[in-house]
Amino acid sequence: MARQQAVPAVPPTLQPAKAIPILEDLISQADVLVDEASDSNKRQQWAHTGKGALLAALGNRHPNIQAFGAARCGVYHPSDTESYLRQQANEQLERMVAVLKSTVDQLRWQLPDPTQVFLPAGSAHDAYVEIRRIVQSATSEILIVDSYV
């Protein structure tokens, strides 16, 4: 009997500080997919991008890679309605998002400051809200350095 070859380990190719914003963007994109058809190209593209982002962030041996694939599993029958299929696809989407959120949490452990916030370029309102939250929670003096001004 031939022995199976082990899949070689592929290390992560993205640093946590670069991977976290990509994963957080995918998490936010998932909200739009809820209204898509169960077999839409947008859902497929999102899932493929999610798997690619996980592989780049974690390498191919991390358990979250397998968990993301398992989250897409389902049972189908030819008589299933589109409504039922969409409900099932949305449940799968929720499970995949949970894996992405878990990955973000785990990647934050590797940062010097795990509370660091990543705001995508062009999200001025989100930046304002986050800065306001930080300023309101301050218990001592704050020095804000903005190199843009």
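## Before you start

Residues are counted from 1 along each chain as its sequence is written. Because the model is predicted, local features need pLDDT of at least 70 and side-chain atom pairs count only at pLDDT 80 or more, while totals for chains, interfaces and linings use all residues; side-chain values use heavy atoms, leaving out hydrogens and water.

## The whole protein

Let's begin with the overall picture. The protein has five helices and zero strands, in the order α-α-α-α-α along the sequence. Here helices (H or I, at least four residues) and strands (E, at least two) are DSSP runs, numbered from the N terminus.

The C-alpha atoms fill a box of roughly 65 × 45 × 25 Å along the principal axes. The radius of gyration of the protein is 19 Å, whereas a compact globule of 149 residues would have one near 15 Å. That radius is taken over C-alpha atoms, and the globule rule is 2.2 Å times the number of residues to the power 0.38.

## The nonpolar core

A nonpolar core is a set of buried Ala, Val, Leu, Ile, Met, Phe, Trp, Tyr and Cys residues joined through side-chain atoms within 4.5 Å. The largest one here has 24 residues, and Leu23, Trp46, Leu54, Phe68, Met96, Leu100 and Leu107 touch the most other members. Helices H1 (16-33), H2 (41-58), H3 (63-71) and H4 (82-108) each give two or more residues to this core.

Which residues does Trp46 touch, not counting those up to four places away in sequence? Its partners include Leu26, Ala30, Phe68, Met96 and Leu100, where contact means heavy atoms within 4.5 Å.

## Helix H2 and its end

H2 has 18 residues and reaches 25 Å from its first C-alpha to its last, close to the 26 Å expected at 1.5 Å a residue; the expected span is 1.5 Å times one less than the number of residues. Among the buried residues of H2 are Arg43, Trp46, Gly50 and Leu54. The buried residues of this helix pack against H1, H3 and H4.

Leu58 also lies in H2, and it counts as buried because its relative accessibility is 13%. Leu58 touches Pro12, Asn64, Ile65, Thr103 and Leu107, leaving aside residues up to four places away in sequence. Leu58 and Thr13 are 45 residues apart in sequence and 7.9 Å apart in space, C-alpha to C-alpha. After H2 comes Gly59, with a positive phi near 85°.

Notes
Buried means under 20% relative accessible area, exposed over 50%, partly exposed in between (1.4 Å probe, protein chains only).
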